Amino acid sequence: MRRIVLRTAVPNPAGGVFPGGQQKAEYGIVGGANARRLKGPDGPSSDTPSSAASSPHELVAELCAALAGWPQVPMDGRVNRARPAPFLNLNAVLSQARIGILHRDLDLRVLMVNDHYCELVGRSVEDLDGLPAEEFTHPEDRAHSAALFRERIANGEPYRVEKRYIRPDGSAIWCSVDVSFLRDELGQTVSTISVARDITVRRAAELELRESEEHYRYTVELAPQITWTATPTGMIEEVSPRWATTTGADPADALGFGWLDRVHPDDVRPTITQWESALVSGDPADVEYRLRTADGDRWFRARATARRNESGAIIRWYGTLEDIHDRRVAENALRESEERFRLAAEASGLGVWDYDAVRGRREWSRELKQMLGLPEAAAAELRTALDLIVPEDRHMLVDLIQAVEVGDGTHRFDTTIRIHRADTGALRWMRTNGWRIQAPSGRLDRILVTVRDVTEERTVEERIRWTATHDALTGLPNRASFTDQLEMAIGIAHATDASLSLALFDVDHLKTTNDTIGHDAGDHLLCTFADRLRETLPEGSILGRLGGDEFAALIHSSDEETIVEGIGSALKSLHEPFSFDSHTLDCAATAGASIFPQHGGTATDLLKSADMALYAGKAASRGALSVFRSEMRADVQRRSSMLGLARVVARENRIIPFYQPKISLTDGRITGFEALLRWRHDLKGIQPPSTIAAAFEDFDIAIQMGERMLENILRDMRSWLDRGIDFGRIAFNLSPAEVRHENLVPRIMDKLAHAGIPPERFELEVTETVFLGRSAHDVASTLEAFHRKGVRIALDDFGTGFASLTHLQAFPVDVIKIDRSFISNLSEGSGDAAIVDAVLGLGRRLGMEVVAEGVETQAQADYLLRQGCDQGQGYLFGRPMPMEEAEAMLRSCPISAPIARSISHRSAPN
């Protein structure tokens with residue numbers, strides 16, 4: 001008989017446990033062949049059927065049976081705590097067996113619990129007393145455990161459940177819990193007995209086993225390869241189920257040498273030969289062959305490695321069978337493509353450099369050897385190629401080869417290198433295009449390179465590149481190239497804390513030269529200008545032609561005095577005359593300069609500052625250098641404001657024609673008016689054209705304003721005609737830009753016709769400059785067309801330009817207008833008087849009318865009348881006036897009535 005000691009909690013009738021904690025009772029376990037009996041101090045307590053074994057599981061069953069025979073709990077649910085408890089004191093035995101036991105009544109009061117159960121759940125007897133099992137059951141297990149308890153307590157059927165207990169520190173422990181129910185004499189359940197064993201290690205092992213099984217399933221069953229094993233003699237022992245999926249045959253049929261039945265007949269003998277060679281040598285096997293599959297014949301790759309024992313003998317082969325059909329098809333297509341490429345390259349004269357990385361073999365085509373100047377028998381050696389490449393470019397080929405071999409970069413590469421031919425030593429440019437060909441594993445298989453001699457193309461490209469960055473006429477850098485160099489110089493100056501200067505040059509009278517002598521003379525002038533700048537500016541200066549008549553120079557100096565002296569000297573040299581085609585020309589220019597960093601920190605700012613200085617210089621000191629000053633910004637802003645204002649004037653049609661009368665000096669009659677531009681300001685009222693003077697230098701705005709002016713003049717004329725007011729003839733000023741405008745004749749004649757204005761009522765005034773230049777013939781045709789249609793042509797500001805007297809005969813001029821500059825100082829015997837007399841005589845001989853502009857005094861009018869001048873125009877007769885005042889003047893002094901009496905009473909302007 002074995003004696004077992006169990007320390008049990010002695011219940012206290014008042015609840016809890018008696019002071020002293022536990023009661024010790026000794027019991028003996030007796031048993032024979034078929035049963036075990038729990039024996040206490042007073043003899044046997046109960047018999048429990050059992051097997052002969054005494055495993056922990058069987059011991060738990062015996063304990064449950066023994067506890068079932070303990071004193072019954074009274075109907076009031078309380079154990080009689082006054083009498084000694086005949087409980088089994090098995091605490092030590094159960095704890096030694098790592099078994100925990102908890103006996104509680106239905107009110108969750110602890111009737112008995114051993115130390116190991118308290119250890120399992122991490123709680124004391126006091127903690128467990130009245131604590132629902134859900135409180136120390138893992139949240140994921142609570143629902144199942146509670147449902148199972150409710151189901152079994154109804155019929156008192158014991159059960160087993162595996163669940164996790166949660167300890168107060170948050171840790172969890174897996175336990176196998178056997179739950180039994182004790183009943184009273186009436187069969188009512190009065191208490192529960194929970195016997196728990198720690199199964200955490202077992203659960204972890206089961207989890208690891210499941211993970212291992214899943215891993216095997218994914219790595220073997222779901223792997224795309226077919227796995228197999230073979231005996232040392234090569235007989236297939238195992239093959240994965242994927243064999244059936246792939247071939248459609250039973251894996252059992254592949255065992256032994258049955259797999260050969262699925263191999264393509266043409267591949268059987270080579271496959272057996274390679275397999276037998278591996279079996280003999282023990283080296284890894286790697287064979288490619290075709291298998292008959294459900295989808296037809298497909299290429300597979302079989303690889304195997306031998307597993308050896310400690311003595312080195314092979315005990316088993318492990319292998320895989322991989323579908324490589326797509327790769328083989330791609331490789332075959334690639335080989336065919338490469339062959340076609342090779343033939344095409346040879347046909348197009350490309351050299352081919354083929355490197356087989358697997359075999360380490362290089363091949364050069366016949367064409368490549370010819371390009372390199374090598375004999376056909378020359379070996380394809382890398383050293384040979386490097387020796388031919390110019391030293392400065394060798395690193396390009398070496399770096400490229402190294403990058404390709406280690407897999408850096410893309411699969412394609414493109415580079416251009418220079419070589420000296422092996423036979424002649426001639427320098428040639430070679431462009432190489434390469435392809436890096438990899439196996440599916442990522443291994444480098446081949447490098448295929450084509451080589452083309454691009455020497456001639458390179459020469460053309462360099463010429464194109466030079467043309468894109470240089471002015472073709474002077475050879476200087478163009479605007480884009482010069483700006484790039486300026487930005488680079490500023491960057492260096494920033495980094496080195498240096499200074500530099502920028503000068504802009506504007507060639508004076510280039511347009512006049514082009515118009516009077518011809519563009520070939522203008523081109524020669526520009527080339528001479530560029531050459532003289534190179535010679536006179538400080539050494540190291542960077543020159544550029546920004547366009548048209550504008551040049552630039554970047555000078556590495558910031559001392560203003562030095563700059564003024566240097567550029568001033570250059571301007572004097574430029575002014576020296578030279579001859580071209582019997583004409584004497586000079587390169588006179590105006591310059592503007594800015595200094596870095598005082599006048600700008602960027603190329604854009606520096607150019608703006610220099611341009612402002614140039615603009616100011618052209619207005620105030622032509623032929624000299626102007627260095628940027630901050631006040632110059634105001635001039636530029638004023639000009640910009642004028643242009644913006646003019647755009648609004650043209651867009652909103654704020655232009656108002658003012659009319660200045662022309663008077664017959666012989667009888668004082670009004671012969672007509674010259675229409676002069678004015679415009680209306682919302683606050684300042686009528687404004688003179690000087691307030692938007694910059695607009696007349698802008699081609700687009702000038703055209704728009706001319707259109708508006710003409711439309712308003714024709715509107716006024718139409719109004720006068722409709723009301724029977726005779727206004728004589730209205731003169732309209734054409735700018736040089738308008739004279740050269742396409743479709744000028746039909747445009748104006750259509751407007752006259754649309755307004756119903758007779759052409760003989762209309763007069764066009766042009767300046768002498770329209771007769772100059774190579775377009776003079778076109779201008780003559782335009783003016784002749786107007787003349788034929790009845791529109792009179794007046795030559796304005798005569799005597800101030802460059803027209804020759806022959807132009808008066810060559811062009812259809814009806815009226816000559818003497819410029820006011822000759823009238824202002826008119827007196828007997830003066831030089832101006834002589835010029836006026838000559839013009840009047842010329843007009844009479846050519847049959848042209850002569851109008852004197854700027855007549856402001858009676859003496860001037862009397863002199864002109866004595867010299868036979870036809871008409872006069874000026875403040876003496878009337879200032880420019882709006883339509884309404886001109887109409888009042890016409891009503892008071894009709895065209896037929898002279899106003900000569902009133903002339904003597906008009907005073908000159910203040």
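Glu456 counts as partly exposed, at 48% relative accessibility; in this report buried means under 20% relative accessible area, exposed over 50%, and partly exposed in between, with a 1.4 Å probe and protein chains only. The side chain of Glu456 meets that of Arg428 in a salt bridge of 3.2 Å, N to O, a salt bridge being a side-chain nitrogen of Lys or Arg within 4 Å of a carboxyl oxygen of Asp or Glu. Because Glu456 lies in helix 13 (residues 455-469) and Arg428 in strand 18 (residues 427-438), the pair ties together parts that are 28 residues apart in sequence. Helices (H or I, at least four residues) and strands (E, at least two) are DSSP runs, numbered from the N terminus.

The model is predicted: local features need pLDDT of at least 70 and side-chain atom pairs count only at pLDDT 80 or more, while totals for chains, interfaces and linings use all residues. Residues are numbered from 1 along each chain as its sequence is written, and side-chain values use heavy atoms, with hydrogens and water left out.

**Salt bridges**

A search of the whole structure finds 51 salt bridges. Three of them, including the one already described, are listed here.

| Pair | N to O distance |
|---|---|
| Asp178 and Arg160 | 2.7 Å |
| Arg622 and Asp508 | 2.8 Å |
| Glu456 and Arg428 | 3.2 Å |

Asp508 is buried, with a relative accessible area of 6%, whereas Arg622 is partly exposed at 48%. A network of salt bridges also links Glu162, Arg202, Arg203 and Glu206.

The side chains of Asp178 and Arg160 meet in a salt bridge. Asp178 lies in strand 8 (residues 172-183) and Arg160 in strand 7 (residues 159-166), so this pair ties together parts that are 18 residues apart in sequence. Asp178 is buried at 14%, and Arg160 is partly exposed at 40%.

**Strand 9 and its partners**

Asp178 also has a bridge partner in strand 9, namely Val195. Strands 8 and 9 pair in the antiparallel sense over nine bridges; strands pair if DSSP finds at least two bridges between them. Their hairpin has five residues between the strands, and Gly187 takes a positive phi near 85 degrees there.

Strand 5 (residues 99-105) runs antiparallel to strand 9 and is joined to it by seven bridges. Arg104 has Thr192 as its bridge partner in strand 9. Eight of the ten residues of strand 9 (residues 189-198) are buried, so this strand is largely enclosed by the rest of the structure.
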